[in-house]
Each structure stands twice: as C-alpha cells, then as structure tokens.
Amino acid sequence: MSRWEPDARGRLEKAALDLYSERGYEQTTAAQIAERAGLTERTFFRHYADKREVLFGGSSALEQAFVDTLTDIPHVAAPIDAMATTLETVAALFLERHEHSRRRQAVIVANAELRERELIKLASLSAALAATLRSRGVKDPAATLTAEAGITVFKVGFERWVTDNGDRPLADFLRESLDELKVVTGGG
C-alpha cells in the first residue's frame with residue numbers, strides 16, 4: 001500500500017458503505033474496510049473511532065450547517081419560519097446525494113445499533129438547534145418545541161426522500177412534511 005493517497009476519508013466511507021451493503025454491517029470489520037479502500041487499519045482508526053462512525057462522519061458538519069444557517073436568519077422571523085428556512089437551506093447539501101443517502105439509510109435501518117446512533121445524532125442536533133433558538137431570544141419551551149419539530153420534519157422528510165426515486169429534491173419533501181405538521185397542529 002502506498003504511504004499516502006488523496007481523499008482517505010472519502011475512500012473509507014465508500015468502502016464501508018459498499019461492504020455494509022454487500023455483507024452487512026455486523027459481518028464487516030474495520031480492517032476489511034481499510035483493505036477495500038487501499039489503506040491500513042491504522043489509517044482507518046486515524047479517521048474514525050469505530051466502524052459505526054464511518055457512516056456518521058458528516059454529522060458534525062451537518063450540525064454546524066444547521067446552526068450557522070439558523071443563526072444567520074433575521075431575528076424578526078418567527079421561530080418556526082426560521083426553522084423552515086433552515087431546513088430548506090440545509091437541504092441543498094443533499095443535492096446529488098440521493099443514491100448515497102439511500103444506501104446509507106438502508107444500512108442504518110437494518111441494524112439496531114446504527115439506528116440508536118442515528119437517534120443520538122438527531123438528539124444532539126435538536127439540542128444544538130434549541131440552544132441556537134434560545135440565543136436568538138426564543139424562550140423555552142418554544143425553543144425546544146421548535147427544534148424538535150424541525151428535527152421531526154427533517155427525519156420524516158428525509159425518510160420519504162430516500163425511499164423515493166430521486167427525481168425530486170429533499171427540500172420538496174421537507175416542505176411537504178412541514179405543511180403536514182402545520183395541518184395536524186391546526187396552523188395550516
């Protein structure tokens with residue numbers, strides 16, 4: 001193996017997703033992922049704490065995108081409107097990522113340990129959004145409710161998007177999910 005090749009993280013993510021799809025998450029080791037990527041197991045562990053994290057490596061960047069977007073929205077916007085704009089903006093990060101997202105979600109859904117990790121990441125994202133809303137002057141419980149509603153809209157819209165054929169962008173599904181939430185709460 002060569003000492004250095006570009007995009008080790010990307011290669012590890014692709015190798016992991018391929019192996020998880022082919023063999024299953026439980027049957028795949030970090031060493032196998034590294035080998036498929038043309039890297040050493042040591043290199044794998046320089047990038048990821050464990051084989052679960054290879055599927056969640058972008059979580060902190062996604063959380064930062066949510067927080068930065070929400071922070072930049074004018075404070076005159078109602079909390080739910082600020083959240084809607086945030087969802088719409090963040091959805092752009094998923095353009096051209098439908099197939100990857102669909103494959104990743106299939107691996108997560110098939111494994112209880114990964115579903116648990118996904119829920120933990122979503123809870124962390126909700127907490128960060130609630131803190132951001134509080135910093136914008138939104139009091140609790142409104143800040144927490146808005147953040148949780150935003151995460152629920154994201155989760156439901158995302159799940160609908162990955163099971164769709166990929167012709168429509170994620171933003172469409174997020175808008176539809178938010179509209180449904182407004183209907184069930186009597187606000188739409």
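User: In this predicted model, is His98 buried or exposed?
Analyst: His98 is found in helix 6. Buried means under 20% relative accessible area. The relative accessible area of His98 is 12%, so His98 is buried.

User: Which residues does His98 touch, not counting residues up to four places away in sequence?
Analyst: Helix 6, which holds His98, covers residues 98-109. Helix 8 covers residues 142-163, and Trp161 and Val162 are among its buried residues. With neighbours up to four places away in sequence left out, the residues that His98 touches are Trp161, Val162, Asp164, Asn165 and Gly166.

User: Is Arg9 buried, partly exposed or exposed?
Analyst: Arg9 lies in helix 1. Buried is under 20% relative accessible area and exposed is over 50%, with partly exposed in between. Arg9 has a value of 32%, so Arg9 is partly exposed.

User: How far apart in space are Arg9 and Gln32, C-alpha to C-alpha?
Analyst: Apart from residues up to four places away in sequence, Arg9 touches His47, Tyr48 and Gly57. Arg9 and Gln32 are 23 residues apart in sequence. From C-alpha to C-alpha, their separation in space is 15 Å.

User: What secondary-structure pattern does the protein chain follow along the sequence?
Analyst: The protein chain has 9 helices and 0 strands. Its C-alpha trace spans about 55 × 35 × 25 Å along the principal axes. Read along the sequence, the pattern is α-α-α-α-α-α-α-α-α.

User: Among contacts between residues at least 6 apart in sequence, what percentage join residues at least 24 apart?
Analyst: The protein chain has 188 residues, and buried residues make up 41% of them. Taking contacts between residues at least 6 apart in sequence, the share that joins residues at least 24 apart is 61%.

User: Which helix supplies the largest share of the lining of the largest pocket?
Analyst: The largest pocket has a volume of about 800 Å³. Of its 33 lining residues, the closest to the centre are Leu55, Ser59, Leu62, Phe94 and Arg104. Helices 1, 4, 6, 7 and 8 each supply at least two lining residues. The largest share is 7 residues, and it comes from helix 7.

User: How many residues of the lining of the largest pocket are charged?
Analyst: The lining of the largest pocket holds 16 nonpolar residues and 8 polar ones. The charged residues in this lining number 9.

User: What span is expected for helix 7 at 1.5 Å a residue?
Analyst: Helix 7 has 24 residues. The expected span is 1.5 Å times one less than the number of residues. From first C-alpha to last, helix 7 reaches 35 Å, close to the expected 34 Å.

User: Which residue just after helix 7 takes a positive phi?
Analyst: At the start of helix 7, a side-chain oxygen of Asn111 reaches to within 2.9 Å of the backbone nitrogen of Glu113. Just after the helix, a positive phi of about 95° is taken by Gly137.

User: Which helices do the buried residues of helix 8 pack against?
Analyst: Helix 8 has 22 residues and reaches 32 Å from its first C-alpha to its last, close to the expected 32 Å. Its buried residues include Ala143, Gly150, Phe154 and Phe158. Cover for the buried residues of helix 7 includes helix 8. The buried residues of helix 8 pack against helix 4, helix 5, helix 6, helix 7 and helix 9.

Conventions: Residues numbered from 1 in each chain as written. Predicted model: local features only at pLDDT ≥ 70, side-chain atom pairs only at ≥ 80, totals over all residues. Heavy atoms only, no water. 1 Å grid on protein atoms, 1.4 Å probe; cavity = no way out; pocket = protein on both sides within 12 Å on 5 of 7 lines; lining within 4 Å. Points joined across faces, edges and corners; volume = space filled by probe spheres on them. Helix = DSSP H or I, 4+ residues; strand = E, 2+ residues; numbered from the N terminus. Nonpolar A, V, L, I, M, F, W, Y, C, P; charged D, E, K, R; others polar. Contact = heavy atoms within 4.5 Å. Polar contact = N/O pair within 3.5 Å; in protein donor to acceptor, adjacent residues only side chain to side chain. Buried < 20%, exposed > 50% of the residue type's maximum accessible area, 1.4 Å probe, protein only.
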